[in-house]
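Reader: I'm new to looking at protein structures. Could you walk me through how to read one?

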Amino acid sequence: MIHFVREYSNKFIAPASEAIRLEVCGNDVFDHLHKSAYAGEPTEESDKAWDALILPTYLTIPDSDLLAAGETVKNSVRLKTGDVVAATGAYHELHCIRQVRPYVYKDTYYPNLTTTEENYLRGHLDHCLEVLREQIMCLVDISIVTFSWQSPPQRKPVSKSNSKRVCADWKKFEQWSLDHTIPLDVDVKGGTNPLWVKERVEH
């Protein structure tokens, strides 16, 4: 089985493979007292952090690289140069988290949400949650999580983890993505500034 997996993974090479460098990390991702720039109540700073994080979502990739990755090019959206418009799975998953966050704080981001818009969002977010579930089950993080009692005593313990994890060097991957990204107002064959660009600008 392991031999088959190695053989299969060597058969298809994703364009961003050159940008993946693994490293060992040991941060406590369950530290409830620490809030990153992407978490917590909505602020101008957190919005800017998310905007910068997902900036290089859309890429331009030649057919040869897509075919090498096992992807189909049939009926793909293309730039007027002929290259295909694409995104990596990592940025699609970040997009999903980005879509969930405004809904959690919908009083801030969607103060006048109509029933029709809410139904659309729920359908979109259900898709996003399914994408994240599949990816979690695909990657299978085997780092260890333990639990501790906090002071003063709480009704239930909180999770903690200093277990070492093997992670990709995000900065290296992010730079590759920035090097291959396309402008938001790019023209594509079949139309100008299509809906997927407009949605990204708004949220």
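Author: A residue is buried when its relative accessible area is under 20%, exposed when over 50%, and partly exposed in between, using a 1.4 Å probe on protein chains only. Helices (H or I, at least four residues) and strands (E, at least two) are DSSP runs, numbered from the N terminus. This is a predicted model, where local features need pLDDT of at least 70, side-chain atom pairs count only at pLDDT 80 or more, and totals for chains, interfaces and linings use all residues. Residues are numbered from 1 along each chain as its sequence is written, and side-chain values use heavy atoms, with hydrogens and water left out.

Reader: Which residues are buried in helix 7?

Author: Helix 7 spans residues 170-180, and Phe173, Glu174, Trp176 and Ser177 are buried there. They sit on the same side of helix 7 because they cover an arc of only 160 degrees around the axis, taking the directions from the helix axis to the C-beta atoms. Lys171 and Asp179, on the other side of helix 7, are exposed.

Reader: What do the buried residues of helix 7 pack against?

Author: Look for contacts, meaning heavy atoms within 4.5 Å. The partners are helix 2 (44-53), strand 2 (59-61) and helix 4 (89-104).

Reader: How do I read a nonpolar core?

Author: In soluble globular proteins, nonpolar side chains tend to be buried together. A nonpolar core is a set of buried Ala, Val, Leu, Ile, Met, Phe, Trp, Tyr and Cys residues joined through side-chain atoms within 4.5 Å. Here the largest one has 15 residues, and Trp50, Ile61, Leu66, Leu94, Phe173 and Trp176 have the most contacts inside it. At least two residues of this core come from each of helix 2, strand 2, strand 3 (84-86), helix 4 and helix 7. Another core, of six residues, lies apart from it, and includes Leu79 and Val186.

Reader: Which residues does Leu94 touch, leaving aside its neighbours within four places in sequence?

Author: Leu94 is in contact with Trp50, Leu53, Ile54 and Trp170.

Reader: And how much of the whole chain is buried?

Author: Of the 203 residues in the protein chain, 29% are buried. The chain has eight helices and eight strands. Contacts can also be sorted by separation along the sequence: among those between residues at least 6 apart, 70% join residues at least 24 apart.
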